[in-house]
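Biologist: I have a model open and want to learn how to read it. Shall we take it piece by piece?

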Amino acid sequence: MSPLLEARGLVQQYTSGKSLFGKPDIVRAVDGIDLTVTRGEVLGIVGESGSGKSTLGRMLLGLETPFSGEVLYHGQPMPAPRTEQWRRLRAQMQLIFQDPLAALDRRMTIAAQIAEPLEIHGLAKGAEVTDRVAALMARVGLRRDQADRYPHELSGGQRQRVVIARALATNPGFLVCDEPVSALDVSIQAQVVNLLRDLQEQDGLTMVFISHDLKVVRNICDRVAVMYLGRVVEEAPSDSIFAEPRHPYTQALVSSIPLAGQGLEGRIILRGEPPNPAARPSGCAFHPRCRFADASCTVQVPPLENHGGRLAACLKLPRAPRLAA
């Protein structure tokens, strides 16, 4: 099956401020990423804060122009920002934000905000808008009487349902969900994740699901890409990632998932904090925190290679023990 979306050699870098006599720091937030997402697939992007997940998501949507590399949608390069072609593509590709209250306009009613994409893209007029809004609200589990309310009058879970309804208004084929449940209580998280999974199954939506919560990722994603300091260090089907992680960083992440009735035995504790992206370690960026690193890891950058049907970037992969399911 041909991919719906491809990322080829994506790089994004920013220049930080400089002192009076110093040079500016170059922060490479995304560092040469290749990804493919097939139609109907849910791809998870995981990693610690600062790994470049959200930056990658915005570039996949064309909301940020890559420093280098390209994004292809249906085999065609992403149009230049703010062009007419780019605006038409916005209806097909939508973003679900992390903080629903920040994503919504506090001065507009719920109905008006769900209707806005329909009006912007000329997809409905008059009474048809009202009917479409009512149908979208029902689909995400909102009541009709909530249409005239404002965001502050709803709960966090209800606000996120509004954000999802607004994203679905244009019948998109591709969604990027950027930490869509991290601001919600645990019980509400499960409801929103179940809603997204049901919508994906009903419509065959293609999704990129960005999260640091591996329990949520395991529940909704078909395939997972693990990012560390701007690079993908492992990529595999979801079942394989969680049953048999190969990269030492992935092993540490998976070992941190709490399991009912089990203590912290076997948990892998990473040393130190993630490095400053403006001062990336030489060689393998993970080597200062890796329990298997040796001198070669400080000078060689491990390529992302195929290891038994999955991609991993580790010079010491044969030595790394595998975790039990």
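Biologist: Which residue is the bridge partner of Ala7 in E4?

Modeller: Keep in mind that this is a predicted model. Strand E1 covers residues 3-15, and strand E4 covers residues 68-73. The two pair in the antiparallel sense over 5 bridges. In E4, the bridge partner of Ala7 is Val71.

Biologist: Which strands are the edge strands of that open sheet?

Modeller: The open sheet has 4 strands with antiparallel pairing, in the order E2-E1-E4-E5. An edge strand here pairs on one side only. That leaves strand E2 (26-38) and strand E5 (76-77).

Biologist: At about what angle does helix H1 run to E1?

Modeller: Helix H1 is made of residues 53-60. This helix lies across E1, E2 and E4. Its angle to E1 is about 125 degrees.

Biologist: How far apart are the end C-alpha atoms of helix H7?

Modeller: Helix H7 has 18 residues, 186-203. At 1.5 Å a residue, H7 should span 26 Å. The model agrees, because the end C-alpha atoms are apart by 26 Å.

Biologist: Within what arc do the buried residues of H7 fall?

Modeller: Start with the list: Gln189, Val192, Val193, Leu195, Leu196, Leu199 and Gln200 are buried. An α-helix has 3.6 residues a turn, so residues three or four places apart point the same way. Seen down the axis of H7, the buried residues line one face of the helix, because they fall within an arc of 155 degrees.

Biologist: Which residues are exposed on the other side of H7?

Modeller: The buried residues of H7 pack against several elements, including strand E3 (42-46), helix H5 (127-139) and helix H8 (214-220). Now turn to the other side of H7. The exposed residues there are Ser187, Glu201 and Gln202.

Biologist: Which residue in the turn between E9 and E10 has a positive phi?

Modeller: Strand E9 (residues 223-228) and E10 run antiparallel, joined by 6 bridges. They form a hairpin with 2 residues between them. In the turn, a positive phi of about 50 degrees belongs to Leu229.

Biologist: Which residue is the bridge partner of Glu234 in E12?

Modeller: Glu234 in E10 stands opposite Val226. E10 is also joined to strand E12 (residues 311-312) by 2 bridges, and these strands run antiparallel. In E12, the bridge partner of Glu234 is Ala312.

Key:
Residues numbered from 1 in each chain as written. Predicted model: local features only at pLDDT ≥ 70, side-chain atom pairs only at ≥ 80, totals over all residues. Heavy atoms only, no water. Pairing = 2+ DSSP bridges. Contact = heavy atoms within 4.5 Å. Axes fitted to C-alpha atoms, helices over the stretch in contact; angles between N-to-C directions. Expected span 1.5 Å × (residues − 1). Buried < 20%, exposed > 50% of the residue type's maximum accessible area, 1.4 Å probe, protein only. Arc of directions from axis to C-beta.
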